[in-house]
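Trainee: Before I look at the model, could you take me through how such features are read?
Mentor: Gladly; let us look together and take them in turn.

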Amino acid sequence: MNILAGLGHGWHNVHDANGLMITVIGMLLVFSSLLVISLMIRWTPYFLKVVARYFPEEDLALNGNVKSVSETEVVAAISAAICYSMQSTEQQ
Amino acid sequence: MEFFFEFIRTTGFYLLTPGNVIMIIIGAVFISLAIIKHFEPLLLLPIGFGMIVGNIPSIASMPLSVYDAGSVMNYIYFGVTQGIFPPLIFLGIGAMTDFSTMLSNPKLVLLGAAAQVGIFLTLIGALYIGFTPQEAGSIGIIGGADGPTAIFLTAKLAPHLLGAIAIAAYSYMALVPVIQPPIMYLLTSKKERLIRMAPPRVVSKREKIIFPILAFLISGLIVPGCLSLVGMLFFGNLLKESFVTERLAQTARTALIDIVTILLGLTVGASTQAQTFLTKQSILIFVLGATSFAIATAGGILFAKFMNLFLKEKINPLVGAAGVSAVPDSARVVQIIGQKEDPHNHLLMHAMAPNVAGVIGSAIAAGFLWSLFVK
């Protein structure tokens, strides 16, 4: 059974719908958006250092804005610390 | 007696077609996969049961199915067809996502962009086969490996393909541990799989709060079509990271996303009636979807290798496979494959960066295709 029968397949469909152009522009848009986001992430710490000179970052947890830390989060934090410690030891 | 025979003619047994039986069996297989194999149970179980519900035939005068105006299922399905449910799911995803790994290593964001090549190459494939541009865009988005995004875009561009595309997208998300490893082994050497990456740096609270606002502004201004998805994703994340709306974040990542997942899964499953689902088009959609997913995985890996040509601190190319946005399954697969080569190599946190970047990338791609093909 030819599954493509009756569908009118061919490169002319791609050409007519500007398929290649859509692909190029689409990928460029996705890349440029994420590239700008990536650059923004990279530069944010530098910007925040300047801001911190005038508005020092407060510890939200100490100010009582955080009611409680769940047990799962504590376990995740401990696991991450162990994992980090193991990696550092092995690299040495 | 005539009443009795008339009633018999209204029963499902009388009206059942072989197609309905096949779909009910497929629904049962989905439920089995969810329960026995634990393949995306939160999605496959509601979808599987929905498939069974949707393939119980009823007489025309009784509004029961998702396609019958006025039926209960039709009202719920409204959330799918109008693209209401996917943004709500994104809100929940945002409220449960920690972007720290991405913020600590921003170059990994680009892997999430590279993996979107699957969407656009599949679009070309679908156009070649003979699908309309709207249909081709909806099929291509399966390669984004993001169920809600696929449903959102298909509801806007090609609602008649919604059942097939949603089932394909969620099936391939569930099959991430099966589809990705062979491609990962094929495209990487043992030496590359052994690469260790530096542990992520600690990210400050302010960075975490500023990120969703700025990232939303950037993506929203470049591609306004992605506003509903990306906007809700970052809004959910801001609820989480701001620390002052913990109750809202908690609701978004638990009760809300659970309710929406149930309603979406059930009605998407119920939309797969044999008459509309068992078609040649559906088979093609499944084939193209698998291709799209494979290309996306390969795109991420190959781009990681390309980046390594210029980087001093090398990236483990396996991490590129997580650029498809099946969060967190593809990141988990990266961790498993990496640990098979080196049990002490922990790639999970690194893989989460392209993984969440992939969610943003696929939503941007969807927004672009929507703005391009909207009638």
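This is a predicted model: local features need pLDDT of at least 70, side-chain atom pairs count only at pLDDT 80 or more; totals for chains, interfaces and linings use all residues.

Trainee: How many helices and strands does chain A have?

Mentor: Chain A has three helices and zero strands, so that, because elements are numbered from the N terminus, its order is read as α-α-α. Of its 92 residues, 24% count as buried, and its accessible surface comes to about 6700 Å², with 65% of that belonging to carbon and sulfur atoms.

Trainee: What area is buried between chain A and chain B?

Mentor: The size of an interface is often given as the accessible area lost when the parts come together. Here the area buried between chain A and chain B is about 4500 Å², and carbon and sulfur atoms give 78% of it. On the side of chain A, Leu34(A), Ile41(A) and Gln87(A) lose the most area to chain B, together 13% of what that side buries. Counted by residues, the contact takes 48 from chain A and 53 from chain B.

Trainee: At what angle do the axes of helix H6 and helix H17 of chain B cross?

Mentor: Two packed helices are described by the angle between their axes and the distance between the axes. For H6 (residues 85-96) and H17 (residues 246-270) of chain B, the axes come within 8 Å and cross at roughly 145°, and the crossing is left-handed. Among the residues making the contact are Phe85(B), Leu88(B) and Ile89(B) of H6(B), together with Leu256(B), Ile257(B) and Val260(B) of H17(B). By class, this contact has 15 nonpolar, two polar and one charged residues.

Trainee: Is Asp329(B) buried or exposed?

Mentor: Asp329(B) counts as buried because its relative accessibility is 13%, and the cut-off for buried is under 20%. Asp329(B) lies in helix H20 (residues 329-341) of chain B and, not counting residues up to four places away in sequence, touches Glu40(B), Met173(B) and Val176(B).

Trainee: Where is Tyr67(B) placed, and which residues is Tyr67(B) in contact with?

Mentor: Tyr67(B) sits in the loop between helix H4 (41-54) and helix H5 (72-81) of chain B, and is partly exposed because its relative accessible area is 39%. Leaving aside neighbours within four places in sequence, Tyr67(B) is in contact with Asn74(B), Tyr77(B), Ser271(B), Gln273(B) and Thr276(B). The C-alpha atoms of Tyr67(B) and Val29(B), which are 38 residues apart along the chain, are separated by 24 Å.

Note on methods
Residues are numbered from 1 along each chain as its sequence is written. Chains are lettered from A and ligands numbered from 1 in the order in which they are written. Side-chain values use heavy atoms; hydrogens and water are left out. Axes are lines fitted to C-alpha atoms, for helices over the stretch in contact, and angles run from 0 to 180 degrees between N-to-C directions. Helices (H or I, at least four residues) and strands (E, at least two) are DSSP runs, numbered from the N terminus. A crossing is left-handed if the near helix is turned anticlockwise from the far one by less than a right angle, and right-handed if clockwise. Contact means heavy atoms within 4.5 Å. Ala, Val, Leu, Ile, Met, Phe, Trp, Tyr, Cys and Pro count as nonpolar, Asp, Glu, Lys and Arg as charged, and the others, Gly among them, as polar. Buried means under 20% relative accessible area, exposed over 50%, partly exposed in between (1.4 Å probe, protein chains only). Accessible areas come from the Shrake-Rupley method with a 1.4 Å probe; for residues, only the protein chains shown count as cover. Buried area is the accessible area (1.4 Å probe) that two parts lose on being put together, summed over both.
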